[in-house]
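Hi,

Here is the structure I promised you. Please open it and keep it beside this email while you read.

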Amino acid sequence: MLNNLDHEVYDAHCHLSNESYNPTTNIVTAPAHSAVAATSSHDWSKLVTYRQINPKAKIGFGIHPWNIERDLPVDKLEAQLRAQIEQQQPDFIGETGLDMLKGNLNLQLEYLKIHLQLAQDFNLPIILHCVRAHNQLLELLGKFPKLRGMIHAYNANFETAKQYRRKNMQLGIGSIILTSNSQLAKSSAHLPLEQLLIESDAPYMPMTGKQTSNSTDCLTYALELAMLQQKNPSEVIARVNQNWLNLFS
Ligand SMILES: [Zn+2]
């Protein structure tokens, strides 16, 4: 049986939370290998500090689509994000994306295009949130052929996964894999391991029965993936960790 200590599963998507990082005391409790995405422009400088204390962590700058209406105006975003990328050298761009269930989709598209352009200009991976907008996102990604990245909290069918693969997009597998009737759980037996990463989305996407998620939950999701794919858990963990290194290094 695998245990936490022997098997760190690299977390492909999480956020700063009071549980993982206390900005006043500079104490970090998250595992070393975590890709920590901004949700707003206020996170950017905190993430730089976080990476100084945890040099194996990767950090991303972006504005989550839920926050765009109370963050930088769209006409200021390009210049400010570009300047911060040049100065602070984040490891990826994100979180950004589209959400049909929340906010103004046209405005989200404007913010997203700026993130995509800067990711391509600086040759950085991009981490994308996408809820019920896969067709719009795939169409837009067609305009940025050099981009690579990850669709976080992936939950769609096998055909959509194939389309993302053609756009150099990895898939972030999180707590949704534990829901047996989800599209993800139904399609995950066939998803190619080389396209997959494991993520906690800490603290926001806990498994049933927990208040918050954290990076150590990634082991549970990796074991579930191994079970659904009928593969050796050690092989699955080694492969998703290698995918993490390939995407973020
Ligand atoms: Zn997130």
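Strands β6 (residues 92-99) and β7 (residues 126-131) pair in the parallel sense over 5 bridges. Two strands count as paired if DSSP finds at least two bridges between them. Strands (E, at least two residues) and helices (H or I, at least four) are DSSP runs, numbered from the N terminus. The bridge partner of D99 is V131 in β7. From β6 the chain crosses through helix α3 (residues 105-121) to β7, and this β-α-β crossover is right-handed. That term means that, with the strands pointing away from the viewer, the path from the first strand over the helix to the second runs clockwise.

This is a predicted model: local features need pLDDT of at least 70, side-chain atom pairs count only at pLDDT 80 or more, and totals for chains, interfaces and linings use all residues. Residues are numbered from 1 along each chain as its sequence is written.

Now the other neighbour. Strand β8 (residues 149-151) runs parallel to β7, joined by 3 bridges. I126 stands opposite G149 in β8. The chain goes from β7 through helix α4 (residues 134-141) to β8, again as a right-handed β-α-β crossover.

Is β7 enclosed or open? Of its 6 residues, 5 are buried, so β7 is largely enclosed by the rest of the structure. Buried means 20 or more other C-beta atoms within 10 Å of a residue's own, exposed 12 or fewer, partly exposed in between; C-beta atoms are placed from the backbone.

Last, helix α1 (residues 43-53). Its buried residues are D43, W44, L47 and Y50.

Best wishes
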